Amino acid sequence: MTSGGIRIKAWAAAACALFSSAVWANPQPGQLNMTRGVSEWSPEPYFLNNVALGVCVVIGVLVFGAMFIAMFRFRKSRGAVAEKWSHNTMLEVVWTTIPVIILIVLAWMATGGLVSFADTTGSQMTVKVTGYQWKWRYDYVDYQGKAIDKVGFMSKLDEQSNDTRQLRSGLDPHAVKVGDENTYLLNVDKPLVVPVDTKIRFVITAGDVIHSWWVPALGWKIDAIPGIVNAAWTNIKVPGTYRGQCAELCGQDHGFMPIVVKAVSKAEFAQWLAQQEAAGKAPPATPATPASPAPASTAAAPATAQAAPVATTSGKRG
């Protein structure tokens, strides 16, 4: 292969890595736009993104259209002569006022979305999320007004993906699947299990460096910062398994700390939670230490000594 071909492939790989990173957390074939999401709030950023994109497209068409018309229709080779005026007050007022109005409208819409996103009041469940290098810890705090006792666990990259990612493993990343879904670097050993149709409050922090908890299907991502607790909420409407990743560069294994949220029905979640609470309260099993068998002569001696007095006493009374 020529050096030019190598450079082209390198640039193509770099472009794919740069422009496809936004959908790595939940890749879909042919995905170009943001995901619509499955939560109560996720349509908000999807809608705002489409509005902003539409505004940018219209502005781009007008600006570049005017520029190309000016370059080709009024070019010097066609005999065009430049005007001598320096500015036009009315035109400057118009092209200053319109962008300001557009920005005010976009800011008003975005502020409304952020205010609703920040309002965690009325939550029916609280989950604490803590980021570590390079895994997540989930602690269930309360559910339906009742405190949850000792239900929490670490969630890390699943063993199949971890074995495959090792240098010179010889394993095929495309063979890492759950059903028909390729889950290479997107699956964990223990997913976060939550109920649907429940307003869930997340309190998010970190134990070492800055991480970012991001599940695109929920419609948001929140930084996990040591010493600071950030809050967010979601209300998942559709049962299923939703995948995400850490979205903040946090060290050498940043790309290997995925997030998996498993949304189930309320009845199924109540059953799962009861099992987890029972397992947390159960005392740790201690293996019994087998007793050493006593020597035969030592065991026989006390038995003989005890038998003699009993026989003598019974004989006197008779």
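The predicted model holds 0 disulfides, a disulfide being a pair of cysteine sulfur atoms within 2.5 Å. Cys-250 is in no such pair; its nearest cysteine sulfur, that of Cys-246, lies 3.9 Å away. Cys-250 is buried at 5% relative accessibility, whereas Cys-56 is exposed at 52%. Here buried means under 20% relative accessible area, exposed over 50%, and partly exposed in between (1.4 Å probe, protein chains only).

In this predicted model, local features need pLDDT of at least 70 and side-chain atom pairs pLDDT 80 or more, while totals for chains, interfaces and linings use all residues. Residues are numbered from 1 along each chain as its sequence is written, and side-chain values use heavy atoms, leaving out hydrogens and water.

The chain has 6 helices and 13 strands, taken as DSSP runs (H or I, at least four residues; E, at least two) numbered from the N terminus. Of its 318 residues, 27% are buried.

The whole structure contains 6 salt bridges, each a side-chain nitrogen of Lys or Arg within 4 Å of a carboxyl oxygen of Asp or Glu. Arg-243 pairs with Glu-181 at 3.1 Å between the closest N and O atoms. This pair joins distant parts of the chain, strand 12 (residues 240-246) and strand 6 (residues 181-182), 62 residues apart. Arg-243 is buried at 8%; Glu-181 is partly exposed at 39%. Arg-137 bridges to Asp-139, also with a closest N and O separation of 3.1 Å. Glu-159 and Lys-156 meet at 3.4 Å, N to O. Lys-156, Glu-159 and Asp-189 form a salt-bridge network. Within it, Lys-156 is partly exposed at 34%, as is Glu-159 at 46%.
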